[in-house]
Amino acid sequence: MQVREIIQLKGGTLYTATPQQPLAKAIDTMAELDVGSLVVMEAGKMAGMLTFREVLEALARRGGVLGDVSIDAIYERNPLTATPDLEVMELRGAMLERHARYVPVMDGGTLMGVVSFHDVAKAVYEEQSFENRML
């Protein structure tokens, strides 16, 4: 199974933010949408990822107070990325190695979507369940 199949099944809905956006607003967005990440976009291109990991680290460093911190101060500028033709098992290994829970899928310079570790686990589970039924 390839990453493109996960994107096709879940859809390519993207939740984004800008580096200048207040972190508090991004947290509100993540909570409202029930998502664990936002793609940080600048000038129409992906600049990085903001995940709940960076949010928690910012809260810990600042004694639980965010104040006027912007996304620019904390987001991951070099996230693990995947291509649509990458095999899901290869992606799973890379995600485990890098401790990445959310991976942007890039087709050249085009952002196609974001795959979560949950999406990968579900795809692997469903593929293995299908194989077991066939046996």
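**Entry 1**

I looked up K10 and found it partly exposed, at a relative accessible area of 41% (buried means under 20%, exposed over 50%, partly exposed in between, with a 1.4 Å probe and protein chains only). The model is a predicted one, in which local features need pLDDT of at least 70, side-chain atom pairs count only at pLDDT 80 or more, and totals for chains, interfaces and linings use all residues. Residues are numbered from 1 along each chain as its sequence is written, and side-chain values use heavy atoms, with hydrogens and water left out.

I then asked which residue K10 meets in a salt bridge. The partner is D119, at 2.7 Å from N to O (a salt bridge is a side-chain nitrogen of Lys or Arg within 4 Å of a carboxyl oxygen of Asp or Glu). K10 belongs to helix 1 (residues 3–10) and D119 to helix 5 (residues 117–134), so the pair ties together parts 109 residues apart in sequence (helices are DSSP runs of H or I with at least four residues, strands are runs of E with at least two, and both are numbered from the N terminus). D119 is buried, with a relative accessible area of 16%.

**Entry 1: the other salt bridge**

I noted that the structure holds 2 salt bridges. R77 and D72 also meet through their side chains in a salt bridge, at 2.9 Å from N to O. R77 is partly exposed at 45% relative accessibility, and D72 is partly exposed at 37%. Side chains of opposite charge can pair when their charged atoms come close.

**Entry 2: overall layout**

I listed the elements next. The protein has 5 helices and 5 strands, and from the N terminus on they run α-β-α-β-β-α-α-β-β-α. I read the span of the C-alpha trace along its principal axes as about 55 × 30 × 25 Å. Of the 135 residues, 38% count as buried.

I found an open sheet of 3 strands with the order 1-2-3 and mixed pairing (two strands pair if DSSP finds at least two bridges between them). Strand 1 (16–17) and strand 3 (45–51) are at the edges with a single partner strand each, so one side of each has no neighbour in the sheet. Strands of a sheet pair through backbone hydrogen bonds, either parallel or antiparallel.

I checked each pairing. Strand 1 runs parallel to strand 2 (residues 37–42), and 2 bridges join them. T16 stands opposite V39 of strand 2. Strand 2 and strand 3 are antiparallel, with 6 bridges, and E42 stands opposite K45 in strand 3. I also noted that 5 of the 7 residues of strand 3 are buried, which leaves the strand mostly covered.

I looked at the hairpin of strand 2 and strand 3, which has 2 residues between the strands. A43 lies in the loop between these strands, and its phi is near 55°, a positive value in a residue other than glycine. A43 is exposed, with a relative accessible area of 82%.

H99 also has a positive phi, near 60°, and is not a glycine. I located H99 in the loop between helix 4 and strand 4, and it counts as exposed at 55% relative accessibility. Most residues other than glycine have a negative phi.

**Entry 3: strands 4 and 5**

How many bridges does the pairing of strand 4 and strand 5 have? I found 6, in the antiparallel sense, with strand 4 covering residues 102–107. The two strands form a hairpin with 2 residues between them, and G108 in the turn has a positive phi of about 65°.

I noted that strand 5 is largely enclosed by the rest of the structure, because 5 of its 7 residues are buried. S116 is in strand 5 (residues 110–116) and is the bridge partner of Y102. S116 counts as buried, at 12% relative accessibility. I also looked up S116 and T83, which are 33 residues apart along the chain; their C-alpha atoms are separated by 14 Å.

**Entry 4: a charged patch**

E5, D85, E87, E90 and D107 form a negative patch (patch residues have over 30% relative accessible area and no salt bridge, with like charges joined within 9 Å and nonpolar side chains, namely Val, Leu, Ile, Met, Phe, Trp and Tyr, within 5 Å). Asp and Glu count as negative, Lys and Arg as positive, and His and the chain ends are not counted. I placed E90 in helix 4 (residues 88–98), where E90 is exposed with a relative accessible area of 51%.

Methods:
Accessible areas come from the Shrake-Rupley method with a 1.4 Å probe; for residues, only the protein chains shown count as cover. The place of a charge is taken as NZ of Lys, CZ of Arg, CG of Asp or CD of Glu.
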